[in-house]
Amino acid sequence: MDPQQLRTFVTVVRLGSFSEAARELGYTQSAVSQQIAAMEADLGAAVLARRPVAPTEAGARLLEHAASLLLRLDAARADVARLVGAPSARLVVGATPLAIGAVLGGALADVRRAYPRTDLTVRVVAQDALPAEVATGAVDLALIDGPAAPSDPLPLPDVGPLRTVAVAEQPLAVALPTGHPLAGRPGLSLADLSAARWLDAPGLAPTGARLRAATAVDGFRPAARYLGTDVRGLLALVAAGHGLAVLPASVLDGAPGVVAVPVRAPRLVHRTELVHGSLPEGPAAELARLLGGAQVRERGA
């Protein structure tokens, strides 16, 4: 299957228009029509209804495959480019919000001393998007954080042959408002809190789905949603009684109006991992060395 035809098909479906897809892709409308017709001839099935423009049953099935196919193609191109490319002074680091801290800051300072001409960018990106950005070269390497069983890797999507290195593990705690009946406990079982009011903050804390999977208990329904990446905003909502959240214990130190109670069960830690592909010698490889130190785990090889 021609990758360009597949990209064109995905664009037409997303925009719901041949003419809009042609405008976005820089083609003529007839060229877009020809690519879709060639794809349909190759597959032996119509993939798009024309009036209105929408995927057929076969097209909907193809669409289920398209994103991962195109991602792997982009990842393969980026991987080869990294392997044969010349050293670059550019360094783009992706990170989830809670993965940015003193360890990364110190390592970046060492990199800039070793490579003083480094053009540095740090981008905050959601956890579910970061592995694909590493695989396709949008970022050179990434720091990703989240809950995991002790010494277990984070559950990341398979987007290509990436390497992960454990950078840090720390305890998890439940963030409770001051005065909460459970605030004085020495530890808490998450399963006992399944019926509590929870804050859904997918950019910062485990979602209800993650908590249900970790505890094998139904519940953890959100009382409110926080779609930001500033942990201070989330903790302000906790302090005001809008819901609970599970966060790394260090984040909760000194937070006004919030009490941190350690998570005792299930056995979970807050884990931070370095994720990268092949790295030619340069600032990115130096940063990976500085942040490394644990056993490398191959993903998607």
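**Figure 1. The whole protein.** The protein has ten helices and 13 strands. Helices (H or I, at least four residues) and strands (E, at least two) are DSSP runs, numbered from the N terminus. This is a predicted model, in which local features need pLDDT of at least 70 and side-chain atom pairs count only at pLDDT 80 or more, while totals for chains, interfaces and linings use all residues. Residues are numbered from 1 along each chain as its sequence is written, and side-chain values use heavy atoms, with hydrogens and water left out. The C-alpha atoms fill a box of roughly 70 × 50 × 30 Å, taken along the principal axes. Of the 301 residues, 41% are buried. Buried means under 20% relative accessible area, exposed means over 50%, and partly exposed lies in between (1.4 Å probe, protein chains only). Take the contacts between residues at least 6 apart in sequence: 75% of them join residues at least 24 apart. A contact means heavy atoms within 4.5 Å.

Figure 2. Helix α3 covers residues 29-43. Its 15 residues should span 21 Å at 1.5 Å a residue, and its end C-alpha atoms are 21 Å apart, so the two values agree. The expected span is 1.5 Å times one less than the number of residues. Val32, Gln35, Ile36, Met39 and Glu40 are buried in α3. They cover an arc of only 135° around the axis, so they sit on the same side of α3. The arc is that of the directions from the helix axis to the C-beta atoms. An α-helix has 3.6 residues a turn, so residues three or four places apart point the same way. On the other side of α3, Gln34, Ala41 and Asp42 are exposed. The buried residues of α3 pack against α1 (3-15), α2 (18-25), β1 (48-49) and α4 (57-84). Just after α3, glycine 44 takes a positive phi of about 70°.

**Figure 3. Leucine 104 and its contacts.** Leucine 104 lies in helix α5 (residues 102-114). Its relative accessible area is 3%, so leucine 104 is buried. Leaving out residues up to four places away in sequence, leucine 104 touches Val93, Leu143, Leu287 and Leu291. Leucine 291 is 187 residues from leucine 104 in sequence. In space, their C-alpha atoms are 7.6 Å apart.

**Figure 4. Glutamate 133 in helix α6.** Helix α6 (residues 130-135) holds glutamate 133. This glutamate 133 is buried, because its relative accessible area is 18%. Its contacts are Arg123, Val125, Ala138 and Val139, not counting residues up to four places away in sequence.

Figure 5. The bond from arginine 51 to proline 52 is cis, with omega near -5°. Proline 52 sits in the loop between β1 and β2 (54-55). Alanine 265 and proline 266 are also joined by a cis peptide bond, with omega about -5°. Proline 266 belongs to the loop between β11 (258-265) and β12 (269-276).

Figure 6. Serine 151 is not a glycine, yet it has a positive phi of about 70°. Its place is the loop between β5 (141-148) and β6 (162-177). Serine 151 is partly exposed, because its relative accessible area is 48%. Phenylalanine 220 is not a glycine either, and has a positive phi of about 60°. Phenylalanine 220 lies in the loop between α7 (208-215) and β9 (222-225). With a relative accessible area of 2%, phenylalanine 220 is buried.
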